[in-house]
Amino acid sequence: MKKIIDKLSNENRFELYSPIFRLFICFHILKDLFVTNSLKDLLYKGELFLSTNNSFILESIGISTTFVRDNYNFFVLFFVLFTILYLFGIGKHYVGFVIYIFYDIFQNLNPVTLNGGDNILKFAILYMAFINSYKYFSINKLEFKNTEINKLSNFISNLSGYSICIHLGLAYFLSAIHKIHTDVWFSGVATYYTLSLERFQGTSYNLALAKNAIFVTLSTYLTLMIELLHPFLVWVKQTKIILIIGAILLHISIAILMMLYDFQLVFIFLQGFYLTNTEVGKYLIKPLENFIQLIKLKIINKKIKYES
């Protein structure tokens, strides 16, 4: 047990990827607020036919949900303000927890439009409130001179980061178990019905793919395999990258074929928590640096060619 505690305390395993995910959270929230603003009367203010729910957090602290609905514009204003603070790492853990409260209230104002991505993102935001994600993309780094406090920070950050990984793994595994107990998935024809639905006609090839027996069978069983194996083999060094790539490709295909963009984007970004700091540098940061360097060289070459 002492070895495990020491391992969790010596280094923040998520110090490179958690800042990236913090930026994703902020841009995702700002995008949601912008996109739904024109529909606020229907979705959040309860002024039209769509039924809405009360917020548990608001009601538990004695604030009426109706009050927030009546002052929705001010709610959004403060939500945007705190999101921008979180984006720049201002307020650190305190603002991170405030973001969770705002996001939970935002979801409860209208749960009708929520999907699996929204649900797991809410928990990820809560876990992120305890992770020290402020070494990068932050105005001021969160550093502790006291060695013991620094170890405690690393310990809490690692527990929270691993909680995200375990939560995601459970989501995959329980989804697979549920699917196995349904006839269409067990028989290998689930994607036929999915791709045939008009609601999910993401491309003009959906119907053709639905009629291809080989594609339907492979896509159905491969989905089950990824969801069943991912929670276990993603922890094995030799199979980790294979499972992460497989999951990313699965979510990209769902986004393209079924037009479930936000849902899949959340799950894709969550994959990064399985990577160590070294792997984040190798597979994400280094390729990005090379790409930026390549762009710079092309711009310089064009400039030299133009001047000559």
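Colleague: What do the buried residues of α13 pack against?

Modeller: They pack against α9, α10 (183-186), α11, α12 (206-210) and α14. Packing here means contact, with heavy atoms within 4.5 Å. Helices are DSSP runs (H or I, at least four residues), numbered from the N terminus.

A word on the basis. This is a predicted model, where local features need pLDDT of at least 70 and side-chain atom pairs count only at pLDDT 80 or more, while totals for chains, interfaces and linings use all residues. Residues are numbered from 1 along each chain as its sequence is written, and side-chain values use heavy atoms, with hydrogens and water left out.

Now α13 itself. Its 21 residues should span 30 Å at 1.5 Å a residue, and its end C-alpha atoms are 29 Å apart, so the two agree. The expected span is 1.5 Å times one less than the number of residues. The buried residues of α13 are Val216, Ser219, Thr220, Thr223, Leu224, Ile226, Glu227, His230 and Pro231. Buried means under 20% relative accessible area, with a 1.4 Å probe and protein chains only. An α-helix has 3.6 residues a turn, so residues three or four places apart point the same way.

Next, the largest pocket. A pocket is an open set of points on a 1 Å grid over the protein atoms alone, where a 1.4 Å probe fits, with protein on both sides within 12 Å along at least five of seven lines. Its lining residues have an atom within 4 Å of a point. The volume is about 1,200 Å³, counted as the space filled by probe spheres set on the points. Among the 49 lining residues, Ile254, Met258, Leu260, Phe263 and Gln264 are the closest to the centre.

α13 (213-233) supplies at least two residues of this lining. So does each of α2, α7, α9, α11 (190-196), α14 and α15. α14 gives the most, with eight residues. By type, the lining has 27 nonpolar, 15 polar and seven charged residues. Nonpolar covers Ala, Val, Leu, Ile, Met, Phe, Trp, Tyr, Cys and Pro; Asp, Glu, Lys and Arg are charged; the others, Gly among them, are polar.

One more helix from that lining is α2. Residues 17-36 make up α2, and 14 of its 20 residues are buried. From first C-alpha to last, α2 reaches 29 Å, close to the 28 Å expected.

Key. Buried < 20%, exposed > 50% of the residue type's maximum accessible area, 1.4 Å probe, protein only.
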